[in-house]
Amino acid sequence: MKTLRNAEVGETLRIAKILGDGPTKRRIMDMGITKGTEILVRKVAPLGDPIQINLRGYELTIRKHDAENIMVEEV
């Protein structure tokens with residue numbers, strides 16, 4: 001497994017696990033990022049921050065710091 005931060009543009013991935021303390025984990029889950037959700041990595045900014053993903057029918061942009069707490073696996 002790897003983190004979302006290390007994902008490449010165009011990859012389709014599945015959320016395997018969310019790491020972090022309580023408030024951080026809750027904030028990530030409130031964005032719709034939950035275990036088993038499939039995501040598509042759309043874009044990564046030139047300096048790597050932020051990362052744009054598609055999930056559940058909408059686009060979401062997250063920071064590298066948050067992406068480090070999201071463990072993913074290939075579909």
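1. Leu-40 faces Asn-54 of strand E4 across the sheet pairing. Strand E3 covers residues 38–44 and strand E4 residues 51–55; five bridges join the two, and they run antiparallel. For terms, strands (E, at least two residues) and helices (H or I, at least four) are DSSP runs numbered from the N terminus, and two strands pair if DSSP finds at least two bridges between them.

2. A word on the source: this is a predicted model, in which local features need pLDDT of at least 70 and side-chain atom pairs count only at pLDDT 80 or more, while totals for chains, interfaces and linings use all residues. Residues are numbered from 1 along each chain as its sequence is written, and side-chain values use heavy atoms, with hydrogens and water left out.

3. Strand E2 (residues 12–18) pairs with E3 over three bridges, in the antiparallel sense.

4. Which order do the six strands take in the open sheet? The order is E1-E6-E2-E3-E4-E5, with antiparallel pairing. Strand E1 (2–3) and strand E5 (58–62) are the edge strands, each pairing on one side only.

5. Asp-66 is buried, at a relative accessible area of 4% (buried means under 20%, with a 1.4 Å probe and protein chains only). Leaving out residues up to four places away in sequence, Asp-66 touches Arg-27 and Ile-28 (contact means heavy atoms within 4.5 Å).

Terms used:
Buried means under 20% relative accessible area, exposed over 50%, partly exposed in between (1.4 Å probe, protein chains only).
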